[in-house]
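Subject: The structure I promised you

Hi,

Here is the structure I said I would send over. Have a look at it first, and then read my notes below.

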Amino acid sequence: MKKKFTTDEIYNILKDRIIQIKYEPGIVLNEVDIGNEFEISRTPIREIFQRLNSNKLLKIIPRYGAQVSHIDFKYMKSIFEITREFDSLATKLCVDNISEEEISKLEEIYNNLLQYNIEEDYQKAISEDEKFHKIILKNCGNTCLEEILSNLHIHTERLWHYSEDHIDSMEIFTETLGKILTAIKEKDKEKAEKYAREHIDIFVEKVKKEML
């Protein structure tokens, strides 16, 4: 028997496909095709499309359809100006709140990254990187900050996926995440904040150099 999906589940599936570039920027999503795939009517599909539009992942064009948003580098610059400060703040706050159990999870993620090959495991590396950041957000002790960054990370994660052909070394993940992990374990808030900011700066500079 075919699984019945809720609208939230379908929303998350479509969102992940856009973030992971399984739906290429610029393509138009067809309501009929989506409806047939998930066996739902057009009304919930349109509601899902509106949610994705609100997240700037889809662009609803009258009499044309729902187009997967292009990567807007000007908009991404605005996002990174915010995440550079807020991610580093979340990491600093995390130092006082995170448990040993959660630190062990960060260590496991970091050790996984050390085993990965950039050519074969890039998508896995992005997933591990995002898990690392989610643990930090969950333990920052500020629900407002967690909510803001979770929404912004949708776009930064998408850019990581989009940049696959331009990332040639696992060090872009391991070097700064290792420093962040050490700073958290040593309860050094200033270094945790510094290296969280550095992690973003290195990626942004790579994007500027290779893609702009």
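Into which domains is the chain divided? Domain 1 covers residues 7–68, and domain 2 covers 73–210. Keep in mind as you look around that this is a predicted model. The centres of the two domains, taken over C-alpha atoms, are 28 Å apart. Where the domains touch, domain 1 gives 10 residues to the contact and domain 2 gives 7 residues.

Let's start with the sheet. Strands of a sheet pair through backbone hydrogen bonds, and they can do that parallel or antiparallel. Here you have an open sheet of 3 strands in the order S1-S3-S2, and the pairing is antiparallel. Strand S1 (28–29) and strand S2 (58–61) are at the edges with a single partner strand each, so one side of each has no neighbour in the sheet. To find the link between S1 and strand S3 (residues 65–68), look for the 2 bridges that join these antiparallel strands.

Now for the helices. Two packed helices are described by the angle between their axes and the distance between the axes. I picked two pairs for you.

H5 passes H8 in a left-handed crossing. On the H5 side the contact is made by Ile103, Leu106, Glu107, Tyr110, Leu113 and Leu114. H8 brings Phe173, Thr174, Leu177, Gly178, Leu181, Ile184 and Lys185. Sorted by type, the residues of this contact of H5 with H8 are 9 nonpolar, 2 polar and 2 charged.

The second pair is helix H7 (residues 143–162) with helix H9 (residues 189–211), packed at an angle of about 45 degrees with their axes 12 Å apart. H7 and H9 are therefore oblique to each other. Again you'll see a left-handed crossing where H7 passes H9. Leu159, Trp160 and Tyr162 of H7 meet His199, Phe203, Val207 and Met211 of H9. And which kinds of residues make up the contact of H7 with H9: nonpolar, polar or charged? They divide into 6 nonpolar and 1 polar, with no charged residues.

Happy exploring!

Methods
Residues numbered from 1 in each chain as written. Predicted model: local features only at pLDDT ≥ 70, side-chain atom pairs only at ≥ 80, totals over all residues. Heavy atoms only, no water. Pairing = 2+ DSSP bridges. Helix = DSSP H or I, 4+ residues; strand = E, 2+ residues; numbered from the N terminus. Axes fitted to C-alpha atoms, helices over the stretch in contact; angles between N-to-C directions. Parallel < 35°, antiparallel > 145°, perpendicular 65-115°, else oblique. Left-handed = near helix turned anticlockwise from the far one by under 90°. Contact = heavy atoms within 4.5 Å. Nonpolar A, V, L, I, M, F, W, Y, C, P; charged D, E, K, R; others polar. Domains from an automatic or database assignment.
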